[in-house]
Amino acid sequence: MDFTIILQAGIASGTVLLFATLGELFSERAGVLNLGVEGMMLIGAMTAFSTTIATGNPWIGVLAAMLFAGLISQIHAFIVITLQADQVVSGLSLTFLGTGISLVLGEGLSKAGTVSLLPNFSIPLLTLIPIIGKIFFTDQSILVYIGYLLVPLSWYYINHTRPGLHLRAIGEYPSAADALGISVFRQRYFYVFVGGMLAGLAGATISLAVSPGWFSELTTGGQGWIAIGLVIFAQWDPIRAAVGAYAFGALRRLILDIQGPVLLLGFANPFYYNPYLGFFLQMLPYLFTVVVLVIGSREAMRKRIGAPAALGNPYVRGERGK
Amino acid sequence: MTESTSIKQKMPIRIRVEPRLNENPAWYPPLVSFGALIVALILGGILITLAGGDALRSYQHIAKASFGDIGVLSDTIVKATPIILAALACSVAFRMKLWNIGAEGQFIMGAWGASAVVLTSVLPVDTSRWVFIPVMMLAGMAMGAAWGFIPGYLKAKFNVNEIISTLMLNYVAVAWVNFWIFGVWTEGGFQMSPKFPDGASLPRLLEFAKIFPAVRGLTTHLGLLIGIVAAVILWLIVFRSRWGYEIRLIGDNPQAAQYAGINITQNTIWVMMLSGALAGLGGMSEISGVVHRLQTAPIAAGYGFTGIIVAWLAKLNPLVIIFVSILFGALILAGREIQPSGVPKMIQGIILVCLIASDFLLRYRIVISREEE
């Protein structure tokens, strides 16, 4: 087992979680919890794959995935921002809806064969860095590199730009933001849309790059929910989100690859000789999510930092805000 | 006639949205829910048509294949039984605003617990039903409660978001059951355990065909009765007991509950365990009443998720849940033959979206009035 190869593949697989986590992070920073990530990712994966088959161009597939998932997210936005309904239940229903729609429209898609995928390439010079070059900059999908760019950009946008300041304001203290002339409603719609587009991109990353194809609900396999857990672990910070996403990606790869070799670290590999133990390996990402949540929540309690103050609350003009 | 139109033109109609100040009359919320259901079916029909299906025939098929005669009605009730228990599980947690999305996993673990009683030979194979079934029920409830305890404890102790933790445990439960049916209890290498002895299966109506010929072939099993009894008990707990009052108060106003000296931490754990136990009982009923062996696909069929929608549609009322479950049992039963196969799931999603949107009408009223000069 070559660990650099596992980590290299782990970065690619972590890119899926990265996009989904960043999308949810933007939405939550604006004060809107969206539990529909899993559904939007499925919509994205299905749309990207089917559009690419139809047009032969994966870029059109990616674009369509982002637009369709963004559009679906606006249902949630309408229900929780305009109709002020409970964000938890509405987000859940969005996952049901997205799953259902993607299953209906994706009927028969699993037998559709192969599509032209997004290009993989290496970055000259950077590949020469020992280990790191191999893991991060060799033969990765273009989406992985887009992910690298998105993390610092998101961080800078949220913490050091004027629109980023507005974003934080509508998530922390919407009535004050409103008093300053920021349109809380319009901005919240916008960031839910951004979250939906990124979830769609995450879905497209699966079906066009990481594990190409459409495998109905198994395409995402709960990664949308892991992303929501990662946002809490990341404490709403893009840099920490990236660390978490890549670590989870590596873990997923490790679980796939650990069952192959006969010898593991010089010992007989128990997962090779008893393949049923693999079911316990399958539990790991989900158990780790719970562990990560415990760590995130304890740290948040200790440092007295937490979710955006207005997260989960509808904004009603004229009501006393919290 | 012409006069009235001209008046309207002079005085344009104005639509305003106002918060409702008075309590809604009792007939109003069910009417709104029913309206949302109709709207959802229309929207679903449009989507089915867009996807290239025939909406009207799909719906006709659902109605005929689930309520057409007593035989299919019985099958509908069989499908509804696990949904009743899963929805009861969700309703009690949601009542306290604990978002237990893990009824699915608790259901699966309940089925595993009940199966373990049979498959580990805790009881001899020829044990009487009178012993077997209560022990299996207890084991199912215990495993479900244990699976609910974990997120409950983490929520109470570390403030861990229960939505994510319960959901993650669903995946763990599936892997756990898979390990047992592949690796330990496999029957001849197939992905299922051996069949249970007769003593471990819930009595079905068809067994009484000798006394009442009318019930010949009907597969409705004792699980329905278990579900109804559980619903009545839960209704009594929620609306007629001190504990139920505490649960409702915490759900409506946690701060007031805190001031009133109610222990929220402890209630979180207890309610999650109660919720898990109900879902686990559902798993036991399904495994013992229908499947008769441990197998992943028929018990991890999404009953726990359907339970969420049913609980919400029934406005968390345990008694209403019974009827709504039968409706959804019909949808699932008929949905197996509908193409494309994702249709029932999509319709469930649309129903939930419409329901939540319709809540707006309960909190606000739309006033249509003539503009005053």
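These notebook entries record what I looked up in a predicted model of a complex with chains A and B.

**Entry 1. Confidence**

I began with the scores for the whole complex. The predictor assigns an ipTM of 0.87 and a pTM of 0.89 to the complex. I then turned to chain B, whose pLDDT averages 88. In this chain, 94% of the residues score at least 70. I noted one stretch separately: over residues 1-8 of chain B, pLDDT stays under 50. For residues 1-8 of chain B, the model also shows zero contacts beyond four places in sequence.

**Entry 2. The contact between chains A and B**

I next looked up how many residues each chain gives to the contact. Chain A provides 38 residues and chain B provides 37 residues. Which elements give two or more residues to the side of chain A that touches chain B? I found α3 (58-82), α4 (87-105), α10 (223-233) and α13 (278-303) of chain A. I also recorded the classes of residue on the side of chain A that touches chain B: 27 are nonpolar, nine are polar and two are charged.

**Entry 3. The domains of chain B**

I looked up the division of chain B into domains. Domain 1 is made up of 29-53 + 339-373, and domain 2 covers 72-338. Taken over C-alpha atoms, the centres of domain 1 and domain 2 of chain B are separated by 28 Å. I then examined where these domains meet. Domain 1 of chain B gives 10 residues to the contact, and domain 2 of chain B gives nine residues. On the side of domain 1 that touches domain 2, the elements that give two or more residues are α2 (28-50) and α15 (343-363) of chain B. The largest share of that side, seven residues, comes from α15(B). By class, I recorded seven nonpolar, three polar and no charged residues on the side of domain 1 of chain B that touches domain 2 of chain B.

**Entry 4. Helices α3 and α14 of chain B**

Finally, I examined one pair of helices. How do the axes of α3(B) and α14(B) cross? The axes of α3 (residues 55-67) and α14 (residues 318-335) of chain B come within 8 Å and cross at roughly 105°. This angle makes α3(B) roughly perpendicular to α14(B), because angles of 65 to 115 degrees count as roughly perpendicular. I listed the residues that meet: B:H61, B:I62, B:A65, B:S66 and B:F67 lie in α3(B), and their counterparts in α14(B) are B:A330, B:L331, B:L333 and B:A334.

Definitions and conventions: Residues numbered from 1 in each chain as written. Chains lettered and ligands numbered in written order. Predicted model: local features only at pLDDT ≥ 70, side-chain atom pairs only at ≥ 80, totals over all residues. Contact = placed C-beta atoms within 7 Å. Helix = DSSP H or I, 4+ residues; strand = E, 2+ residues; numbered from the N terminus. Nonpolar A, V, L, I, M, F, W, Y, C, P; charged D, E, K, R; others polar. pLDDT = per-residue confidence, 0-100. Axes fitted to C-alpha atoms, helices over the stretch in contact; angles between N-to-C directions. Parallel < 35°, antiparallel > 145°, perpendicular 65-115°, else oblique. Domains from an automatic or database assignment.
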